[in-house]
Amino acid sequence: MEGGLINNENDKKVKSYNKTKIAISLFNSIFIFLLIAFFVFSGLSKDFALYINQLFDNAYLSLILFVSFILIVETVITFPLSLYSGFILEHKYNLSNQTFIQWLIENIKSFLLGFIIFLPILLAFYYIVRNYQSFWWFWIGVVIFIFTILLARLAPVIIFPLFYKFYPLENESLKNRIMNLCNKTKIQIKGIFTFNLSKETKKANAGFTGIGKSKRIIISDTLLNNFSEEEIEVVFAHELGHYIYHHIWIGMIINTILTFIGLYLVSIIYSKLIVYFEFNGIDDLAALPLLALLLTIYGIILLPLSNFISRMNEKKADSFAIELTNNFSAFESTMLKLSELNLSDKSPNKIIEMLFYSHPSINNRIKYIKEKFKIND
């Protein structure tokens, strides 16, 4: 009876945490959307753009100041929500290892890095819109594709080390297990690294990152410290599955196709709304937040599809892990441990899972493997 009560309390805790995270995420997204919509439809966007253009003769300097102002205002206004979601809530559920100063520094770094990455795309976009007005959507799609390839190539060696320290995996026994899996699949990995995720959280994670010469497996120290070698072997086999099935490249191709489709559809609607709201052309600074709103709506519409594709990929990688290791017990214990460590809801509402989960829920992952491989309890 006592064990049942404890499990029931844990389930309530997990569901409370996940419902709160989803609710905050939804509220934050809706709030930002309405904020930008108000900025556009109230006329403030036109007034501010006029003021900026009077300050600078250079259209690109005006663009940078205009967008920077919007991003800073948005960040300041939503800061209390970010603080609660990213710091207070994580401490409330005993998941965070950060002090407030550490959390703040990491978020400032993320903001600055995001802006640095975003800036060249923004400038390229504005140049294309000003010079290729009829087909701006196509050339912007090309630019986004190139940047996606560059980021996938450079992120593991340049961007990730800005936030975490990476070390080659030193556990010889575990390394032998991993190399044995690589030999079975005839895959050459450039590196197997562990990183200090514990500086931020108690959660565990692992992943396959990079393309070309930068491809590598990364395993968090929290995973190494809380899971057995057999369990980590299953996690690694899962990540190998993503590589075997070319999920990174397929994902990039699918996203590129959807990006081109979205940009084309948005360009048609945008050109009509420019006339309706009496903006001075598609390159009018004041109209750019309107374009951001349209792209956001397209992204929201695509979210269930993107998550569905991701969940299918995760199931394929799970199946591959079982086929490679033939170790269902380790797979099941890994799933349950991850759920406990990350406070993942093992059985969320079906609609919530369909709309917002990029991975199948823990119970569905275990159920899928049992049914596919005809494993009895």
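F166 has F195 as its bridge partner in β2. The model is a predicted one, in which local features need pLDDT of at least 70 and side-chain atom pairs count only at pLDDT 80 or more, while totals for chains, interfaces and linings use all residues. Residues are numbered from 1 along each chain as its sequence is written, and side-chain values use heavy atoms, with hydrogens and water left out.

**Rest of the sheet.** I then followed β2 to β4, and found that four bridges join them and that they run parallel, with I219 in β4 as the bridge partner of T194. Four bridges also join β3 to β4 (residues 216-220), but this pair runs antiparallel, and here I217 of β4 is the bridge partner of F208. Taken together, four strands form an open sheet of mixed pairing in the order β1-β2-β4-β3. Its edge strands, each pairing on one side only, are β1 (166-168) and β3 (206-209). I noted that neighbouring strands of this sheet are turned by 30 degrees against each other on average, direction ignored. Helix α8 (residues 229-244) packs on the sheet and touches β2 (192-195), β3 and β4, its direction making about 30 degrees with that of β3; contact means heavy atoms within 4.5 Å.

**Helices α2 and α3.** I checked the axes of α2 (residues 44-55) and α3 (residues 59-92), which come within 9 Å and cross at roughly 140 degrees. That makes α2 oblique to α3, since angles under 35 degrees count as roughly parallel, over 145 as roughly antiparallel, 65 to 115 as roughly perpendicular and the rest as oblique. Axes are lines fitted to C-alpha atoms, for helices over the stretch in contact, and angles run from 0 to 180 degrees between N-to-C directions. In this pair, S45, F48, A49, I52, N53 and L55 of α2 meet S62, L65, F66 and F69 of α3.

**Single residues.** H242 lies in helix α8 and counts as buried at 11% relative accessibility. Leaving aside neighbours within four places in sequence, H242 is in contact with H247, N313, E314 and A317.

I found Q98 in the loop between α3 and α4 (100-131), where Q98 is buried, with a relative accessible area of 8%. With neighbours within four places in sequence left aside, the contacts of Q98 are F87, H91, W103, E106, K199 and E200.

Last I looked up Y357, in the loop between α12 (350-356) and α13 (362-372), which counts as buried at 16% relative accessibility. The C-alpha atoms of Y357 and N307 are separated by 6.2 Å, although these residues are 50 residues apart along the chain.

Conventions. Helices (H or I, at least four residues) and strands (E, at least two) are DSSP runs, numbered from the N terminus. Two strands pair if DSSP finds at least two bridges between them. Buried means under 20% relative accessible area, exposed over 50%, partly exposed in between (1.4 Å probe, protein chains only).
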